[in-house]
Amino acid sequence: MKKIEAVIKPFKLDEVREALSEVGVTGLTVTEVKGFGRQKGHTELYRGAEYVVDFLPKIKIELIVADATAEQAIEAIVKSARTGKIGDGKIFVTPVEGVVRIRTGETDEAAI
């Protein structure tokens, strides 16, 4: 099993969710986060004063998938989240040792 964490632009969330649904992903966790990478924030104008926005709003999606589904899920995220502009995000993939569904006690792939 793999844990896939994707940090994407907020307006791409619905497209990514739909793309993941099409490849068979049944559940995911979404968190509103802030951060920056190469773009290093930007300046904005508010009531005539200019200020620097260091951390940009992003969405972090976390999902656990079977090894066989991981590549499809990653491709779905890349295709649906890409705008071609700086700040599109990143995907992190890590191995998962185990999963337990609390309600039923199911473990590993039966629990995802």
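A: In this predicted model, helix H2 comprises 15 residues, 67–81, and spans 22 Å from its first C-alpha to its last, close to the 21 Å expected at 1.5 Å a residue. The buried residues of H2 are Ala70, Ala73, Ile74, Ala76, Ile77, Ser80 and Ala81. These residues lie on the same side of H2, because they cover an arc of only 165 degrees around its axis. An α-helix has 3.6 residues a turn, so residues three or four places apart point the same way. The face of H2 turned away from the buried side carries Ala68, Glu71 and Lys79, which are exposed.

The buried residues of H2 pack against helix H1 (13–22) and against strands S1 (2–8), S5 (56–65) and S6. Three of these partners belong to an open sheet of 4 strands, ordered S2-S5-S1-S6 with antiparallel pairing. S2 (29–35) and S6 stand at the edges of the sheet; each has a single partner strand, so one side of each is left without a neighbour there. From one strand to the next, the twist averages 20 degrees.

S6 and S1 run antiparallel and are joined by 7 bridges, including the one that pairs isoleucine 91 of S6 with alanine 6. H2 packs on the sheet, where it touches S1, S5 and S6, and its direction makes about 5 degrees with that of S1. The other helix, H1, lies across S1, S2 and S5 and runs at about 10 degrees to S5.

Key. Residues numbered from 1 in each chain as written. Predicted model: local features only at pLDDT ≥ 70, side-chain atom pairs only at ≥ 80, totals over all residues. Heavy atoms only, no water. Helix = DSSP H or I, 4+ residues; strand = E, 2+ residues; numbered from the N terminus. Expected span 1.5 Å × (residues − 1). Buried < 20%, exposed > 50% of the residue type's maximum accessible area, 1.4 Å probe, protein only. Arc of directions from axis to C-beta. Contact = heavy atoms within 4.5 Å. Pairing = 2+ DSSP bridges. Axes fitted to C-alpha atoms, helices over the stretch in contact; angles between N-to-C directions.
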